[in-house]
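This report describes a structural model, beginning with the surroundings of one residue and moving on to the contact between two chains.

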There are 2 protein chains.
Amino acid sequence: MPVRLDTADSDFDARFQDLLDSKRESSQDVSDTVSRIIADVRARGDAAVLELTNKFDRTNFAAADLRISPEEIEQASAQVSEEVRTALQTAHDRIRAHHEKQKPEDHVYQDALGVTLGTRWTPVDAVGIYVPGGLATYPSTVIMGAVPAKLAGVERIALAVPTPGGQISASILLAAQIAGVTEIYRIGGAQAIAALAYGTETVGRVDKIVGPGNAYVAAAKRQVFGQVGIDSIAGPSEVLIIADGSANPAWIAADLIAQAEHGGGAQSILVTTEKGLADSVAAEVDRQLSLLPKQQIAREGWEEFGAIITVASLEEAASLANRIASEHVELALDDPQSILPAIRHAGAIFLGHHTPEAIGDYVGGSNHVLPTARSARFASGLGVLDFMKRTSILGCDPTSLSALAEAAVAIAEVEALDGHGRSISIRLNR
Amino acid sequence: MPVRLDTADSDFDARFQDLLDSKRESSQDVSDTVSRIIADVRARGDAAVLELTNKFDRTNFAAADLRISPEEIEQASAQVSEEVRTALQTAHDRIRAHHEKQKPEDHVYQDALGVTLGTRWTPVDAVGIYVPGGLATYPSTVIMGAVPAKLAGVERIALAVPTPGGQISASILLAAQIAGVTEIYRIGGAQAIAALAYGTETVGRVDKIVGPGNAYVAAAKRQVFGQVGIDSIAGPSEVLIIADGSANPAWIAADLIAQAEHGGGAQSILVTTEKGLADSVAAEVDRQLSLLPKQQIAREGWEEFGAIITVASLEEAASLANRIASEHVELALDDPQSILPAIRHAGAIFLGHHTPEAIGDYVGGSNHVLPTARSARFASGLGVLDFMKRTSILGCDPTSLSALAEAAVAIAEVEALDGHGRSISIRLNR
C-alpha cells in the first residue's frame, strides 16, 4: 500500500523525511564498467562500439549498419498510420510554437563611462540526443529534444537509440524526420555516449549530449561531462498532485496511475486538504488499476512508491511541494492561481482540473524533459537555452580604460598578479 | 619556446591538432580518493571535515572555528586599505549593474486554442561558492560568484575557502561582505564540496555549487552533481589574441604575459596576419618578462604552453578561434566589429586595442568565471541564470483539452502508455 501521512501526526516530520530520502533506483555503482567502456570506445572507435552493441543488443551489425540510412528512415516512416503521423506533427508544431518564444536576444550597449558591454547568444554546433530503447518507445522524447535544438540553430542533431534485437519503432524514425534530426545511430548505453562525446569512424563527435537513459547512460554522461556538455542526470519520473475538495477523485486517480505506469521507480504523490478525497482517491486507484490492460507495473509502482499526504491548508501543501521539488506538480483546484506563486520548486506546473500531466507529455507545447529527483531545486526543463551559449562582449576606448584603470590595478595588486596590472597600465598615456 | 605555427605550412593541420589536444593539467585520477572523502563527510559530518581540514590545511580548528564569525569578518575587513576597498566597491557596482540586465522575465500567455502556456523563473534557495585559497587570493572571484546569485534572489550564499596555515586574506572577507555573502566557511578541497552538498552540523546544505578549484574540487563537483547543481568543471585559464598590423606589440605581449602568470597550465595564444608582428611580440614578451618581479611562473607558462600562429587572413583567424573555443578572445584590431560575428565559440570577447583581458577580470562589468578547455563550444560564463531555474506552466480548460485530446491519446497508444491516454479521456464529456 502507498504511504499515508498527515501533517498533524506526531511522527510526520520523520516519516516525511523518510519519503524524501527514499531511494527509488538501485544505486548500482556502474562507474568502473562505464570507465572501461569509454576508454575502449576512445581507443578502438567503431570496433568497440560494434562489439558492445552486438553483445548488449543481441544484434549482428557491421560498421555500415550503425547509422540508419535515409532510405530506411523514409521506408519506416511511411508505415506509420495517418492518425499517429498527424498526432506527431501536431505535437511538433505546438512544441515548436511554444519553444520559439524561448529564443534569447542579444543585448549590446554602452554604459555611462562609454564601455561597450554585451551578451551574445550562439548555438552549439552539434548535439546528441539519447533516446532509450527496449521496453519503451518514446517518439515524443525525440521531438522534445530535437525541436529546441533546431530552434537554437544547431546544425547537426544526432540521435542515438538502442535497438534490442535489431528492432526500432517506426514512430521514432518518423518523429526524428519531423523534428529535423540530421543523423540516427542505432547504438545505446555507455558506448553510445562515448561515441557521441569522442567520435568514431562512423559516429560524428558532438558538443553536447542530452536525454534520459539508464544507470549506464547516466554514469557515462557524468564521466564525459567537460569533454561535452550534458543536461541533468535523469531519475525516475514523478508527479505531485495538490487537490482540495473541488477535485474529482477519479481524475486524480487516473493521473496517479499514469505516472506509476512508467515503472522503474516512478512516484505518484497526492497532497490534499480533504481526508475524504484521500480515501476516495485511494479506492479509485484500486478500481481503475484493475481495469488497466497492463496493470502490473503501475500497481507495483503505486504500492511501492505512492504516497497520500493530508494537510491542514493549501499553504502547508505548497510548503511540502517545495521540499519535494517534484518534476510535475498538478494543482487540482478550482483556483490554482491562488497558490501558484507559493510553489517555487517544480519542473512543470499543471493548472486546474482539466490539465492532466499527460497532456504536457505530448501536445501541450511545453517540454517533457524535466528535472527529477528533487533537482527542480536548481535545474530547469529542457529548452532552447540548453542548446545555446552566451558570450560576453567588452570594449573600452582610451577614455573609459583610463577611468577604470586605477581600480583594476589596485585589485591586481591585492591578487599579486603584477602582469595583469601592467597589461592595463602599459596602455595609459601618462 | 612557445610553438610557432603558420597555416601555410604543410604540417599545419597535424601540429594545430596537437595544440588542441595538448594536456595542460596533470590528469591525475583522484576520483577514488574523492569518493572516500565524500562518503566520510556524509557519514561523520563535522568530525570528518575537521579531520581533513586540519590535516590538509595544517590547522588546528575545532568545529566552532569552521564558520568565520561576523566579528572576524568585520575586523578583517576594516584592515583593508581605502584604495582596495574603493576598487572592490567599484568592481561590485559595475558587475552588479551589468548583471542586472541578465534577469529573465516570466512570460505566461494563452495560445489560439485557449491553452495557458508559460515560463516562470525562480531563484535557487541556497548556493555555495568555492574560492581557491593557498597560492592565490582572489577577492574578485568572490564578487563574480556572489553578485549574480544575489541578483537572482538567492537567500543563502555560502562561501567555502581553504585557509592553509590558518591564513585568509582580509580582502576576501571584505569582498564577501560587499557582495552579500551570508556565511563563510574556512574549508577547502573535496571536503568543502561534500559539506556544502550534504550539510554537516555546522555547514548548511546548499542546492548548487559554483566556482573554480583544483583537481580534487573538480572531481568532487562531478560526483555530487545531481545531489546539487554545479557550474562547469574549470580548467586552466587561457587567452587567444587575434591581431593584425594595427596592433601594438608591447600591449599584446603584456596581455600574453598576464594570462601566463596564472600558472597551472594557463595558455596564451597569438594569432596574427602579420609575420612581423609575430616576431616583435615574441621579442617583447622576452623583454617584459625580464622586468616582471615574479617572472618564473609566467615565463614557464609562456614557454611551455604559449603559441604564435600566423594566418593568411582574419577569416582564417576566426576559423581557428572557433576550433580553439578559448575562454578569452581579444580582437586587437582597428575594426574588431568586422570579424566579431565570425567568432562563434568564446567565453568572452574583448574589442579593440584598449580592452586588455585583465580589465574584464576586475571592473569591466562582465563575469570572469568563464568556460575553459574548449567548453565555450557548449557552455557560458557565470551569470544570473545560473542561480535561477525555469518552471513550465500549462493550463487547459474543457474546450482546449478536448481539442488536444485526440493527438495526445494517439501518441500515448504508440508509446504503450494506456494510463496516460486514460487520464486524458476520463476528463472528456462524451
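In this predicted model, B:Val41 touches B:Ala48, B:Val49 and B:Leu52, together with B:Gln191, B:Ala194, B:Ala195 and B:Thr200, leaving aside residues up to four places away in sequence. B:Val41 is also among the residues with the most contacts inside the largest nonpolar core, alongside B:Ile187, A:Val41 and A:Ile187. That core has 72 residues.

Helix 3 of chain B spans residues 46-56. Its buried residues are B:Asp46, B:Ala48, B:Val49, B:Leu50, B:Leu52, B:Thr53 and B:Asn54. These buried residues pack against helix 2 (31-44) and helix 8 (189-198) of chain B. Just after helix 3, B:Arg58 takes a positive phi of about 50°.

The interface between the two chains is considered next. The size of an interface is often given as the accessible area lost when the parts come together.

| Feature of the chain B and chain A interface | Value |
|---|---|
| Buried area | about 10200 Å² |
| Residues of chain B in contact with chain A | 125 residues |
| Residues of chain A in contact with chain B | 125 residues |
| Salt bridges | 8 salt bridges |
| Polar contacts | 69 residue pairs |

Carbon and sulfur atoms account for 58% of the buried area. A salt bridge joins B:Arg377 to A:Asp207, with the closest N and O atoms 2.5 Å apart. On the side of chain B that touches chain A, helix 15 (residues 398-414) of chain B supplies the largest share, 9 residues. The residues of that side comprise 61 nonpolar, 37 polar and 27 charged.

Technical notes
Residues are numbered from 1 along each chain as its sequence is written. Chains are lettered from A and ligands numbered from 1 in the order in which they are written. This is a predicted model: local features need pLDDT of at least 70, side-chain atom pairs count only at pLDDT 80 or more; totals for chains, interfaces and linings use all residues. Side-chain values use heavy atoms; hydrogens and water are left out. A nonpolar core is a set of buried Ala, Val, Leu, Ile, Met, Phe, Trp, Tyr and Cys residues joined through side-chain atoms within 4.5 Å. Buried means under 20% relative accessible area, exposed over 50%, partly exposed in between (1.4 Å probe, protein chains only). Contact means heavy atoms within 4.5 Å. Buried area is the accessible area (1.4 Å probe) that two parts lose on being put together, summed over both. A salt bridge is a side-chain nitrogen of Lys or Arg within 4 Å of a carboxyl oxygen of Asp or Glu. A polar contact is a pair of N or O atoms within 3.5 Å; within protein, one must be able to donate a hydrogen and the other to accept it, and residues adjacent in sequence count only if both atoms are side-chain atoms. Helices (H or I, at least four residues) and strands (E, at least two) are DSSP runs, numbered from the N terminus. Ala, Val, Leu, Ile, Met, Phe, Trp, Tyr, Cys and Pro count as nonpolar, Asp, Glu, Lys and Arg as charged, and the others, Gly among them, as polar.
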